[in-house]
Amino acid sequence: MGNIILRGGYLIDPSENICGERDLLISDGHIEEVGFDIQAEKGDRVIDCSHYELWPGLVDMHLHVADLFEISTNTVYCAAQDGVTTALSPGAGNTFMAPALLGAETDRGLPINVGVYLGALNVLGSQLDDEELIALFKGELKDELKWEKLSHNRFTNSFAQYCIGLKEHMGHFLLTDEQIERLYHITSESGLVFMSHTQDPEHSARLVELSKGRQIHLGHTNAAGCGTHAEAEEGMKAVIGLCKHPNVTGEFVTTMLRRGLGNLEGLKMTKASRQRALDALNEKIVDILVSDGQNQSTMKGFGDTRDNIPCILELVEEGVLDKSAAVAAMTSNPCRYLAEVTGCDEWKCKYGTLREGAYANILIVDTENKRASYTITNGEPVSFEGRYIRGHGYAGNWVSRFGTSRTGVGDAPMYSTDN
Ligand SMILES: [Zn+2]
Ligand SMILES: [Zn+2]
(Lines give C-alpha, C1' and ligand atoms only; values in the text may rest on other atoms or scores of the structure.)
(Ligands and ions follow the chains in the order given, each with its own letter.)
Protein backbone atom coordinates (compact mmCIF):
# COMPACT_ATOMS: atom_id res chain seq x y z
CA MET A 1 0.00 0.00 0.00
CA GLY A 2 1.10 3.56 -0.67
CA ASN A 3 0.72 6.74 1.27
CA ILE A 4 -2.27 8.06 3.20
CA ILE A 5 -3.93 11.32 2.20
CA LEU A 6 -6.20 13.16 4.61
CA ARG A 7 -8.40 15.22 2.34
CA GLY A 8 -10.28 18.42 3.02
CA GLY A 9 -10.16 18.55 6.82
CA TYR A 10 -10.16 21.76 8.81
CA LEU A 11 -6.62 21.73 10.15
CA ILE A 12 -5.70 23.30 13.46
CA ASP A 13 -1.98 23.39 14.13
CA PRO A 14 -1.07 25.87 16.88
CA SER A 15 2.66 25.29 16.33
CA GLU A 16 2.39 26.63 12.77
CA ASN A 17 -0.45 29.08 13.39
CA ILE A 18 -2.68 27.29 10.92
CA CYS A 19 -6.46 27.23 11.23
CA GLY A 20 -7.90 26.39 7.84
CA GLU A 21 -8.80 23.76 5.29
CA ARG A 22 -5.81 21.68 4.20
CA ASP A 23 -4.91 18.30 2.76
CA LEU A 24 -2.23 16.28 4.45
CA LEU A 25 0.03 13.57 3.03
CA ILE A 26 1.44 10.87 5.29
CA SER A 27 4.40 8.85 4.09
CA ASP A 28 6.60 6.39 5.96
CA GLY A 29 5.31 7.43 9.38
CA HIS A 30 5.93 11.12 8.81
CA ILE A 31 3.97 14.12 7.61
CA GLU A 32 5.23 14.54 4.09
CA GLU A 33 3.17 17.47 2.91
CA VAL A 34 0.55 19.93 4.13
CA GLY A 35 -1.17 21.78 1.32
CA PHE A 36 -4.06 22.12 -1.08
CA ASP A 37 -5.38 19.59 -3.59
CA ILE A 38 -2.83 16.88 -2.91
CA GLN A 39 -3.32 14.30 -5.65
CA ALA A 40 -3.45 10.59 -4.90
CA GLU A 41 -1.20 8.20 -6.73
CA LYS A 42 -1.91 4.55 -7.45
CA GLY A 43 -2.13 2.60 -4.20
CA ASP A 44 -2.63 5.63 -1.95
CA ARG A 45 -5.38 5.52 0.64
CA VAL A 46 -7.56 8.60 0.95
CA ILE A 47 -9.57 9.56 4.04
CA ASP A 48 -12.31 12.10 3.45
CA CYS A 49 -11.96 14.56 6.33
CA SER A 50 -14.34 17.19 5.02
CA HIS A 51 -16.61 16.95 8.07
CA TYR A 52 -13.78 16.81 10.57
CA GLU A 53 -11.05 18.83 12.20
CA LEU A 54 -7.44 17.69 12.03
CA TRP A 55 -5.40 18.24 15.19
CA PRO A 56 -1.96 17.02 16.16
CA GLY A 57 -2.39 13.78 18.13
CA LEU A 58 -2.88 14.57 21.80
CA VAL A 59 0.24 14.55 23.96
CA ASP A 60 -0.87 13.59 27.46
CA MET A 61 2.10 14.22 29.72
CA HIS A 62 0.29 12.74 32.73
CA LEU A 63 -1.37 9.44 31.87
CA HIS A 64 -0.72 6.31 33.91
CA VAL A 65 0.14 3.55 31.47
CA ALA A 66 -0.03 0.35 33.47
CA ASP A 67 2.10 1.76 36.29
CA LEU A 68 -0.73 1.02 38.73
CA PHE A 69 -0.50 -2.74 38.34
CA GLU A 70 -3.08 -2.82 35.57
CA ILE A 71 -6.05 -1.96 37.75
CA SER A 72 -7.28 -0.96 34.35
CA THR A 73 -6.99 -3.61 31.70
CA ASN A 74 -7.25 -1.25 28.85
CA THR A 75 -5.23 1.89 29.39
CA VAL A 76 -3.34 2.38 26.16
CA TYR A 77 -6.17 1.13 23.97
CA CYS A 78 -8.66 3.53 25.55
CA ALA A 79 -6.13 6.33 25.25
CA ALA A 80 -5.74 5.61 21.53
CA GLN A 81 -9.52 5.56 21.12
CA ASP A 82 -9.66 8.96 22.77
CA GLY A 83 -7.12 10.57 20.45
CA VAL A 84 -4.01 10.36 22.60
CA THR A 85 -0.96 9.44 20.53
CA THR A 86 1.75 10.10 23.12
CA ALA A 87 1.49 9.42 26.86
CA LEU A 88 3.98 9.94 29.67
CA SER A 89 3.40 7.81 32.74
CA PRO A 90 4.24 9.30 36.13
CA GLY A 91 4.22 6.27 38.43
CA ALA A 92 5.43 7.36 41.85
CA GLY A 93 6.49 3.76 42.46
CA ASN A 94 8.53 3.41 39.28
CA THR A 95 12.02 2.09 39.99
CA PHE A 96 15.17 2.25 37.87
CA MET A 97 13.87 -0.85 36.12
CA ALA A 98 10.67 0.86 34.94
CA PRO A 99 12.13 2.18 31.65
CA ALA A 100 13.32 -1.33 30.72
CA LEU A 101 9.90 -2.73 31.57
CA LEU A 102 8.24 -0.10 29.41
CA GLY A 103 10.67 -0.97 26.63
CA ALA A 104 9.46 -4.56 26.92
CA GLU A 105 5.86 -3.33 26.64
CA THR A 106 6.83 -1.48 23.47
CA ASP A 107 8.30 -4.72 22.13
CA ARG A 108 5.02 -6.47 22.87
CA GLY A 109 3.25 -3.76 20.90
CA LEU A 110 1.53 -0.54 21.91
CA PRO A 111 -0.72 1.63 19.75
CA ILE A 112 0.63 4.92 21.12
CA ASN A 113 4.01 6.41 22.01
CA VAL A 114 4.85 5.99 25.68
CA GLY A 115 7.40 7.23 28.19
CA VAL A 116 7.87 7.06 31.97
CA TYR A 117 8.79 9.13 34.97
CA LEU A 118 10.68 7.50 37.86
CA GLY A 119 9.38 7.69 41.41
CA ALA A 120 11.28 10.46 43.19
CA LEU A 121 12.25 8.39 46.21
CA ASN A 122 13.51 5.56 44.00
CA VAL A 123 15.85 7.96 42.23
CA LEU A 124 17.62 8.27 45.59
CA GLY A 125 17.45 4.51 46.17
CA SER A 126 20.87 3.35 45.02
CA GLN A 127 24.49 3.80 46.06
CA LEU A 128 25.10 6.37 43.32
CA ASP A 129 25.89 9.85 44.62
CA ASP A 130 24.30 12.93 43.10
CA GLU A 131 27.02 13.60 40.54
CA GLU A 132 26.93 9.96 39.46
CA LEU A 133 23.14 10.13 39.14
CA ILE A 134 23.47 13.20 36.95
CA ALA A 135 25.99 11.34 34.79
CA LEU A 136 23.59 8.36 34.63
CA PHE A 137 20.69 10.49 33.41
CA LYS A 138 22.91 12.21 30.86
CA GLY A 139 23.84 8.76 29.54
CA GLU A 140 27.49 9.21 30.55
CA LEU A 141 27.92 6.83 33.48
CA LYS A 142 30.37 3.95 32.93
CA ASP A 143 28.95 0.40 32.96
CA GLU A 144 31.41 -0.66 35.65
CA LEU A 145 30.15 1.96 38.06
CA LYS A 146 26.53 1.01 37.32
CA TRP A 147 27.35 -2.59 38.17
CA GLU A 148 29.06 -1.54 41.39
CA LYS A 149 26.54 1.02 42.66
CA LEU A 150 23.24 0.88 40.72
CA SER A 151 22.19 -2.72 40.10
CA HIS A 152 23.27 -6.16 38.99
CA ASN A 153 20.70 -6.29 36.23
CA ARG A 154 21.86 -5.60 32.74
CA PHE A 155 18.50 -4.25 31.55
CA THR A 156 18.11 -1.89 34.49
CA ASN A 157 21.63 -0.59 34.00
CA SER A 158 21.29 -0.19 30.25
CA PHE A 159 17.94 1.58 30.21
CA ALA A 160 17.51 3.44 33.52
CA GLN A 161 18.23 6.78 31.90
CA TYR A 162 15.47 6.41 29.29
CA CYS A 163 12.87 8.19 31.36
CA ILE A 164 11.39 11.65 31.03
CA GLY A 165 11.55 12.88 34.61
CA LEU A 166 10.61 12.00 38.16
CA LYS A 167 7.38 12.15 40.12
CA GLU A 168 7.24 13.28 43.72
CA HIS A 169 4.12 12.03 45.51
CA MET A 170 3.09 12.85 49.06
CA GLY A 171 0.61 9.97 49.01
CA HIS A 172 3.44 7.44 48.69
CA PHE A 173 6.34 8.97 50.64
CA LEU A 174 7.22 12.12 52.51
CA LEU A 175 10.61 13.54 51.65
CA THR A 176 12.91 15.60 53.87
CA ASP A 177 14.04 19.05 52.77
CA GLU A 178 17.48 17.56 52.19
CA GLN A 179 16.09 14.88 49.87
CA ILE A 180 14.08 17.47 47.96
CA GLU A 181 17.20 19.60 47.55
CA ARG A 182 19.04 16.57 46.11
CA LEU A 183 16.19 15.96 43.65
CA TYR A 184 16.24 19.57 42.47
CA HIS A 185 19.99 19.36 41.98
CA ILE A 186 19.77 16.12 39.99
CA THR A 187 16.83 17.17 37.79
CA SER A 188 18.10 20.66 37.03
CA GLU A 189 21.60 19.42 36.14
CA SER A 190 20.50 16.47 34.04
CA GLY A 191 17.43 17.84 32.24
CA LEU A 192 14.71 15.75 33.85
CA VAL A 193 11.17 16.96 34.45
CA PHE A 194 10.42 17.34 38.18
CA MET A 195 6.69 16.64 38.54
CA SER A 196 5.03 16.99 41.93
CA HIS A 197 1.75 15.62 43.27
CA THR A 198 -0.38 18.72 43.85
CA GLN A 199 -3.32 18.46 46.23
CA ASP A 200 -2.26 20.02 49.53
CA PRO A 201 -1.45 23.69 48.79
CA GLU A 202 0.95 23.83 51.74
CA HIS A 203 2.95 20.93 50.35
CA SER A 204 3.19 22.66 46.98
CA ALA A 205 4.23 25.94 48.58
CA ARG A 206 7.02 24.12 50.42
CA LEU A 207 8.26 22.53 47.20
CA VAL A 208 8.25 25.84 45.36
CA GLU A 209 10.11 27.50 48.22
CA LEU A 210 12.79 24.80 48.12
CA SER A 211 13.10 25.10 44.33
CA LYS A 212 15.16 28.30 44.51
CA GLY A 213 14.30 29.07 40.92
CA ARG A 214 14.78 25.54 39.53
CA GLN A 215 11.98 24.05 37.41
CA ILE A 216 9.05 22.33 39.09
CA HIS A 217 5.88 21.12 37.40
CA LEU A 218 2.82 20.97 39.65
CA GLY A 219 1.10 17.75 38.54
CA HIS A 220 -2.73 17.80 38.40
CA THR A 221 -2.73 21.37 39.72
CA ASN A 222 -6.52 21.57 39.91
CA ALA A 223 -6.62 18.76 42.51
CA ALA A 224 -5.79 21.57 44.95
CA GLY A 225 -9.19 23.01 44.04
CA CYS A 226 -11.08 19.98 45.34
CA GLY A 227 -11.07 20.84 49.02
CA THR A 228 -9.27 17.79 50.43
CA HIS A 229 -6.54 19.72 52.30
CA ALA A 230 -7.76 23.33 52.21
CA GLU A 231 -10.97 25.09 51.27
CA ALA A 232 -11.41 24.47 47.54
CA GLU A 233 -11.35 28.00 46.14
CA GLU A 234 -8.59 29.11 48.50
CA GLY A 235 -6.53 26.05 47.59
CA MET A 236 -6.98 26.71 43.89
CA LYS A 237 -6.06 30.36 44.33
CA ALA A 238 -2.93 29.44 46.28
CA VAL A 239 -1.50 27.01 43.71
CA ILE A 240 -2.37 29.31 40.79
CA GLY A 241 -0.35 31.93 42.64
CA LEU A 242 2.58 29.49 42.72
CA CYS A 243 2.28 28.94 38.95
CA LYS A 244 3.04 32.62 38.41
CA HIS A 245 6.68 32.01 39.36
CA PRO A 246 8.73 31.76 36.17
CA ASN A 247 10.19 28.37 37.17
CA VAL A 248 6.81 26.85 38.07
CA THR A 249 4.39 25.30 35.59
CA GLY A 250 1.00 23.70 36.12
CA GLU A 251 -1.38 21.33 34.37
CA PHE A 252 -5.12 20.92 34.69
CA VAL A 253 -6.89 17.55 34.64
CA THR A 254 -9.56 17.62 31.94
CA THR A 255 -12.12 15.55 33.88
CA MET A 256 -12.23 17.96 36.82
CA LEU A 257 -12.24 20.97 34.51
CA ARG A 258 -15.47 20.04 32.76
CA ARG A 259 -18.85 21.35 33.87
CA GLY A 260 -19.45 18.16 35.85
CA LEU A 261 -16.47 19.16 38.07
CA GLY A 262 -14.94 15.67 38.29
CA ASN A 263 -15.64 12.07 39.17
CA LEU A 264 -17.57 10.77 42.16
CA GLU A 265 -14.92 8.14 42.77
CA GLY A 266 -12.10 10.64 42.68
CA LEU A 267 -11.94 14.35 43.25
CA LYS A 268 -14.42 17.06 42.37
CA MET A 269 -13.82 20.78 42.11
CA THR A 270 -16.37 23.32 43.25
CA LYS A 271 -17.92 25.82 40.85
CA ALA A 272 -15.87 28.59 42.43
CA SER A 273 -12.56 26.74 42.27
CA ARG A 274 -13.30 25.68 38.70
CA GLN A 275 -13.87 29.31 37.77
CA ARG A 276 -10.44 30.17 39.24
CA ALA A 277 -8.88 27.47 37.09
CA LEU A 278 -10.67 28.70 33.96
CA ASP A 279 -9.43 32.23 34.66
CA ALA A 280 -5.87 30.91 35.02
CA LEU A 281 -6.15 29.25 31.61
CA ASN A 282 -7.60 32.39 30.09
CA GLU A 283 -4.74 34.45 31.53
CA LYS A 284 -2.19 31.83 30.33
CA ILE A 285 -0.90 31.21 33.85
CA VAL A 286 -1.50 27.51 33.21
CA ASP A 287 -1.46 26.30 29.60
CA ILE A 288 -1.20 22.50 29.78
CA LEU A 289 -4.06 19.97 30.01
CA VAL A 290 -3.67 16.31 31.02
CA SER A 291 -6.00 13.39 31.67
CA ASP A 292 -4.25 11.89 34.71
CA GLY A 293 -6.09 8.75 33.53
CA GLN A 294 -6.17 5.67 33.36
CA ASN A 295 -9.53 4.67 32.04
CA GLN A 296 -11.88 2.03 33.32
CA SER A 297 -9.94 1.61 36.53
CA THR A 298 -10.81 1.43 40.17
CA MET A 299 -8.96 3.47 42.79
CA LYS A 300 -7.95 6.03 40.19
CA GLY A 301 -10.58 8.66 40.07
CA PHE A 302 -8.65 11.79 39.15
CA GLY A 303 -9.20 11.69 35.44
CA ASP A 304 -9.89 9.84 32.26
CA THR A 305 -8.79 10.29 28.65
CA ARG A 306 -12.46 10.24 27.60
CA ASP A 307 -12.71 13.82 28.88
CA ASN A 308 -9.80 15.23 26.87
CA ILE A 309 -11.53 16.10 23.59
CA PRO A 310 -14.82 17.26 25.20
CA CYS A 311 -12.87 19.45 27.64
CA ILE A 312 -10.86 21.10 24.86
CA LEU A 313 -14.03 21.81 22.85
CA GLU A 314 -15.99 23.05 25.87
CA LEU A 315 -13.24 25.50 26.82
CA VAL A 316 -13.80 27.04 23.39
CA GLU A 317 -17.62 26.95 23.73
CA GLU A 318 -17.37 28.73 27.07
CA GLY A 319 -15.09 31.40 25.65
CA VAL A 320 -12.17 30.52 27.94
CA LEU A 321 -9.71 29.88 25.07
CA ASP A 322 -9.83 30.21 21.32
CA LYS A 323 -9.65 26.96 19.36
CA SER A 324 -5.94 27.17 18.62
CA ALA A 325 -5.02 27.86 22.26
CA ALA A 326 -7.28 25.07 23.49
CA VAL A 327 -5.72 22.53 21.11
CA ALA A 328 -2.23 23.82 21.99
CA ALA A 329 -2.84 22.91 25.65
CA MET A 330 -2.62 19.23 24.73
CA THR A 331 -0.27 19.39 21.77
CA SER A 332 2.35 22.09 21.25
CA ASN A 333 2.41 23.46 24.82
CA PRO A 334 3.46 20.27 26.63
CA CYS A 335 5.94 19.55 23.82
CA ARG A 336 7.49 23.00 24.11
CA TYR A 337 7.83 22.46 27.86
CA LEU A 338 9.39 18.99 27.42
CA ALA A 339 11.86 20.36 24.86
CA GLU A 340 12.83 23.20 27.19
CA VAL A 341 13.44 21.01 30.21
CA THR A 342 15.11 18.05 28.51
CA GLY A 343 17.00 20.02 25.85
CA CYS A 344 15.78 17.51 23.26
CA ASP A 345 14.46 19.45 20.26
CA GLU A 346 12.63 16.45 18.86
CA TRP A 347 9.88 17.15 21.36
CA LYS A 348 9.21 20.49 19.74
CA CYS A 349 9.91 19.68 16.09
CA LYS A 350 8.38 16.23 15.72
CA TYR A 351 5.65 15.93 18.38
CA GLY A 352 2.54 18.03 19.01
CA THR A 353 2.76 19.55 15.54
CA LEU A 354 1.50 18.86 12.01
CA ARG A 355 4.42 20.49 10.28
CA GLU A 356 6.15 18.69 7.41
CA GLY A 357 8.76 16.27 8.73
CA ALA A 358 6.99 15.65 12.04
CA TYR A 359 5.95 12.16 13.11
CA ALA A 360 2.49 11.55 11.72
CA ASN A 361 0.65 11.58 15.05
CA ILE A 362 -2.74 12.93 14.05
CA LEU A 363 -6.20 13.18 15.52
CA ILE A 364 -9.22 13.47 13.25
CA VAL A 365 -11.91 14.99 15.44
CA ASP A 366 -15.65 14.63 15.09
CA THR A 367 -16.52 17.91 16.80
CA GLU A 368 -20.29 17.24 16.71
CA ASN A 369 -19.89 14.13 18.84
CA LYS A 370 -16.81 15.44 20.66
CA ARG A 371 -14.78 12.34 19.96
CA ALA A 372 -11.88 11.00 17.96
CA SER A 373 -13.10 9.75 14.63
CA TYR A 374 -9.63 8.46 13.71
CA THR A 375 -6.44 8.33 15.73
CA ILE A 376 -3.24 7.98 13.74
CA THR A 377 0.03 7.07 15.47
CA ASN A 378 3.25 7.36 13.46
CA GLY A 379 1.24 7.19 10.25
CA GLU A 380 -0.85 4.17 11.20
CA PRO A 381 -4.59 4.41 12.01
CA VAL A 382 -4.84 2.83 15.47
CA SER A 383 -8.45 3.68 16.21
CA PHE A 384 -11.57 4.41 14.19
CA GLU A 385 -14.78 5.74 15.76
CA GLY A 386 -13.86 4.54 19.20
CA ARG A 387 -12.65 1.11 18.15
CA TYR A 388 -9.04 0.11 18.55
CA ILE A 389 -7.59 -1.41 15.36
CA ARG A 390 -5.58 -4.45 16.33
CA GLY A 391 -3.58 -4.62 13.12
CA HIS A 392 -1.79 -1.38 13.94
CA GLY A 393 -1.15 -2.22 17.57
CA TYR A 394 2.62 -1.87 17.08
CA ALA A 395 2.52 1.72 15.88
CA GLY A 396 3.73 3.30 19.12
CA ASN A 397 7.34 4.10 19.94
CA TRP A 398 9.19 4.44 23.22
CA VAL A 399 9.94 8.05 24.09
CA SER A 400 12.31 9.50 26.66
CA ARG A 401 14.26 12.64 27.41
CA PHE A 402 16.56 11.65 24.53
CA GLY A 403 13.71 11.46 22.02
CA THR A 404 12.31 8.44 20.19
CA SER A 405 13.38 4.83 20.15
CA ARG A 406 11.71 2.66 17.55
CA THR A 407 12.71 -0.56 19.28
CA GLY A 408 12.25 -1.68 22.87
CA VAL A 409 14.64 -3.85 24.83
CA GLY A 410 14.14 -7.33 23.38
CA ASP A 411 17.10 -7.21 21.03
CA ALA A 412 19.47 -5.52 23.48
CA PRO A 413 21.39 -8.67 24.51
CA MET A 414 22.24 -9.26 20.85
CA TYR A 415 24.57 -6.30 20.63
CA SER A 416 27.47 -4.77 22.47
CA THR A 417 26.90 -1.18 23.50
CA ASP A 418 30.42 -0.74 24.85
CA ASN A 419 31.69 1.56 22.14
ZN1 LIG B 1 -0.38 12.56 41.78
ZN1 LIG C 1 -1.26 10.86 38.34
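I began with the domains: the C-alpha centres of domain 1 and domain 2 lie 27 Å apart. I'm working from a predicted model here. Next I checked the bounds, and the assignment gives domain 1 as 4–55 + 351–389 and domain 2 as 58–349.

Then the contact. I found 22 residues from domain 1 and 25 residues from domain 2 taking part. Which strands each supply at least two residues of the domain 1 side? I noted β15 (362–366), β16 (371–377) and β17 (380–384). Of the elements there, β16 gives the most, with 4 residues. I also sorted the residues on that side of domain 1 by type: 11 are nonpolar, 9 polar and 2 charged.

On to the strands, starting with β9 (residues 165–168). I asked which way its side chains go and how well they are covered. Gly-165 and Lys-167 point one way, Leu-166 and Glu-168 the other, and all are buried. So I wrote down that Lys-167 and Glu-168 count as buried by the cut-off of 20 or more other C-beta atoms within 10 Å.

Who are the neighbours of β9? On one pairing, strand β8 (residues 113–119) runs parallel to β9, joined by 3 bridges. I picked out Gly-119, whose bridge partner in β9 is Lys-167. The pairing of β9 with β10 is parallel too, over 4 bridges, and there I marked Gly-165 with Val-193 of β10 as its bridge partner. Tracing the chain, I got a right-handed β-α-β unit made of β9, helix α7 (residues 177–190) and β10.

I kept going from β10 (residues 193–197), which runs parallel to β11 with 3 bridges between them. Ser-196 has Leu-218 in β11 as its bridge partner. The path here goes through helix α8 (residues 201–211), and β10, α8 and β11 form a right-handed β-α-β unit.

Are the faces of β11 (residues 216–219) covered or open? Both are covered: I found Ile-216 and Leu-218 buried on one side, and His-217 and Gly-219 buried on the other.

Last stop, strand β12 (residues 248–250). It is parallel to β11, with 3 bridges joining the two. Leu-218 turned up again, with Gly-250 as its bridge partner in β12. From β11 the chain crosses through helix α9 (residues 232–242) to β12, and I logged this β-α-β crossover as right-handed.

Methods:
Residues numbered from 1 in each chain as written. Chains lettered and ligands numbered in written order. Predicted model: local features only at pLDDT ≥ 70, side-chain atom pairs only at ≥ 80, totals over all residues. Buried ≥ 20, exposed ≤ 12 C-beta atoms within 10 Å, placed from the backbone. Pairing = 2+ DSSP bridges. Right-handed = clockwise from strand over helix to strand, strands pointing away. Domains from an automatic or database assignment. Contact = placed C-beta atoms within 7 Å. Nonpolar A, V, L, I, M, F, W, Y, C, P; charged D, E, K, R; others polar.
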